[in-house]
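Here are my notes on the model. Please keep the structure open as you read.

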Amino acid sequence: MKTAPSALSRFIDRRQAFVYPAPAVTALFLIVVIPIAYNLYLTFTKWTIGLGQPRFIGFDNFIELLSDERVLNGVKVMVYFSGLSLSLELTLGLLIALYFNREFKGSEIVQAIYIFPFAATPVAVALIWRIMLNPEIGVLNYILQSVGLPSSLWVSSPKTVIPALVMVDVWKWTPMITLIVLAGLKSLPHDPYEAARIDGANALQIFWYITLPLIRPVLIAALMLRSLDNLKEFDMIYTITQGGPGISSETLYLYSYNVGFSFFKAGYASALMVVVFLIVLVFNVVMNRLRLSAQDL
Amino acid sequence: MITGIGMTKTFKSILFHAGAIALCVPPVFVFVWMILTGLKTGVQNITYPPEFIFTPTLENFRAVFQQYNFFRYLMNSLIVAGLATGISLVLGLPAAYSIAKYRQGKIGIIILVARMTPFVSYLLPWYIIFRHLKLIDTYTALTLTHLIITLPMVIWLMVSFFEGMPEELEDAAMIDGCSRLQSFLIIVIPLVRNGIATSAIMSFIFSWNQFLFSLILSGPKTKTVPVAVYNFISYGKIDWAGIGAAATLIVLPVSVFAFFVRRTIVQGLTMGALKD
Amino acid sequence: MKRRMICVVLVALLCLGMISATAFAGVDWKQLQGTEIRFLMNKHPFTTYIEPKVPEFEKMTGIKVTIEAFPEDQYRNKRTIELNAGGKVDGYMIMPGQDDLHYWKAGWLQPLDAYIADPTLTEADWNIKDFFTSFTKASSVDGRQIGIVINAETSLLSYRKDLFKTFKVKVPETMKELEQVAKSFYGKEVEGKKMVGITLRGKGAAATSQWVDFLYSFGGSWTDAQGKSNLASPKTIAAFKFYGDLLRNYGPQGGTMLHWAESTSMFMEGKAAMIYDANVFKALYENPKESKVAGKVGYATIPAGPAGRIPHVSNWSLSIGKTSTPERQKAAWLFIQWATNKNNCLGALLAGVPSGRASSWNSKEYKSKDDHPDWTANTMKSFEMGQPQWNPPVLNVPEIRDITGQVIVDAIEGKDVTASAKKAAELMDKKMER
């Protein structure tokens, strides 16, 4: 360790704050910033892929999307889908973590089983879900019927498609949230609990006044982690419903993909993607505020 | 008679374990069904009521390897995910360290923007650019695009780990005569090896599971595994049995891998999440 | 003098000999040896048929052929993106009725007329006149031939002839009869399963390919004489209503999510008495490894609506990329010619891919192996009376199909079809590009 530093390493040392991030920033600039800039440019153009060149039209795309019913629908679907799935995932994740928050034989196995859905390739399992969800020949309806429940149309009806898709998302991500919350629970300090027990508090009170506030930062962090990908959920919805029935599961994101890659209207699609980005941005800003205020407590 | 209390405890324990088993069924069920689908024939897969007891056939699994060059897809996925993860670590570790140490939040913004942007919007510009550079159907193009996912993830996770690292150790090393670079490589990196493991694993998994980019930018030489599963959907036929077999073969490697490194994953995610 | 005469005659004979030698030399298949070409194909039964035979072609010509095949939805996206970005696409599969106007205007389709007329490139025996005229016409734009048909499609009413016999049901000849037959089967318990009367595609844009047959049979059309949208005309609305009611009342649950895959699965599982979908699915229905109703299926043309029996005809063709190099284009032509020669078309037909050549259908070999003469006869009939304009006559076909699909979905769900159709007509007028 006492080797004299070389001239190169001295050079790097002096400019550590610059040299260290430089390669990464350059890479990101090339593969992120340039495409995004191109997209922003396309936002102000009208261009059907293959027909002529992009034509500058100013803000017309944005004016059009304000009156496009499918945009409003897309936002509604996004809010419904993400709102329901994120809240379910957090709640269930917390409840299940609480359930497993103790020493018991087999806890290793549970952890092992709970890691599987997280790693499963979305496209592949979504196809399996598609077969299972078939109202006429799918196994899920078979299970419902064998226990005497009425069969459901699952993703084949506009009324039940979002809850069904939420079910698939919850299946995939609740286990991971459970594991994160469980790890968080295990690292909570013991003293508050001791004190509460001495004071004679019951389980519900302990949960509400001690556990919940203590675990809140973990919950919010898990929420933020999940929401980035959840709001941009694509693979699964694309594979199972392609936005159907009709447009009842067509998130704004899916709509922008269709406009861009099925209708080939690159300009309009780019404008739609900008809106998706803004929605994700706003959500994150709000969540960040919440997180900061939670930390202040 | 040992009583009431003893019995209740055992009873409670049984009840608890029963609940635990019930809670483990949903995650497992889909996997089980996936494997069963692959073991059935085409006709059996559209039969209702679905059969749980049937004669399994390995025909579909064999077909996946024989007809569809599956080894190549596995290799391609491995290469792309490996390269993307490796490059992300090499580029991301110093960057995350710098962001943590010098509080370069502004760089963090680019990272966040990268993660918030819908992936679809990258597709067309990339395709045109790679087309001009003659990079379609090359590992280079695929790896570069997968970096979109892996590099921000590595940096974001590692910033938390670096922030949790005491500066004294570094200072001590430098008093000893190390350059900053040396101390970074010799002291700091080993300290955060858990974080490195986590971000490497997460990177790898997300890259392996990536579908959209590979669909548009790969060709027969570089087709990756998630795209391959669509081989079984053709004009006039959906080969459910084939999909079952392919899905099993696609999902199992990653899931088994995750199984072995599960503790690292959970630790890393929790740390990353908490330290934010 | 005589010697000179003999010389002249000899030379003349020699010349004649040389000329006739060149005339009968035909095509030199090795003329483009060493060229490498790339074809983008749809994952289609024809692709399945021709891919294993490619080494045969490669050996004969010394041309290296790379075929990349994708499932349909992804195929269309990838093909358009690649062509637009100037990718190395020397040839590809196209459904002219869907994409030809767009691709022609974009300059991605190489006219084939020059190759066909060139005796050094096309064997006389290949004979373009052997192909059905309606399909040759369908694969041309502005009078230029842009594709050669490899899959001649139409839709057929496929029904359970065994059940029809048991329940003494006649094959429906009119739309009214179709409805009655569907009603009679709906809810019947057969072999322990509850039947549905009929299954059809219902998934929005995808359903328009089948619905269009009802559109024409009810006397409707995509556009009116002024070229404006005709979606809201009473006859078109009648077609929407009939189709939607049929599927909602007598079809499987979740009708609006039925793509051909789900629809054909229902039929093959034995749960539907009838299905109206593409003729090419016969290969599926009759395969005992995939279908429980193999051997029990009868085939008929669409029942007559108020305007008659008017199914659509469509086709997949092989085309050449215009942005390729002249040399590779010629090589691509050799490939297309070989893939669509009489031998391969017949082979494909025997493998279940409806051929575009009359000779394939008329051949002794096919006729002797044909165990479904009703399928053949009705396919031929549909070819004759079929309407090739199965898509709206616009440049942006996918978008207009999507708009139309929304009305079909509304019709299936039992919503106000007239209102929905009016809205769609307005949207279509606004968005259509020519």
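1. Start with helix α11 of chain C, residues 234-250. The helix has 17 residues and reaches 23 Å from first C-alpha to last, close to the 24 Å expected at 1.5 Å a residue. That expected span is 1.5 Å times one less than the number of residues. Helices here are DSSP runs (H or I, at least four residues), and strands are E runs of at least two, numbered from the N terminus.

2. A word on the source. This is a predicted model: local features need pLDDT of at least 70, side-chain atom pairs need 80 or more, and totals for chains, interfaces and linings use all residues. Residues are numbered from 1 along each chain, chains are lettered from A, and side-chain values use heavy atoms without hydrogens or water.

3. Which residues of α11(C) are buried? Among them are C:Phe240, C:Tyr243 and C:Leu247. Buried means under 20% relative accessible area (1.4 Å probe, protein chains only). The buried residues of α11(C) pack against α9, β9, α10, α19 and α20 of chain C.

4. Now turn to chains A and B. Their contact (heavy atoms within 4.5 Å) takes 91 residues from chain A and 97 residues from chain B. The area buried between them is about 8500 Å², with 77% from carbon and sulfur atoms. Buried area is the accessible area (1.4 Å probe) that two parts lose on being put together, summed over both.

5. Two salt bridges are counted between chain A and chain B. A salt bridge puts a side-chain nitrogen of Lys or Arg within 4 Å of a carboxyl oxygen of Asp or Glu. B:Arg262 forms one with A:Glu108, the closest N and O atoms being 2.8 Å apart.

Key
Buried < 20%, exposed > 50% of the residue type's maximum accessible area, 1.4 Å probe, protein only.
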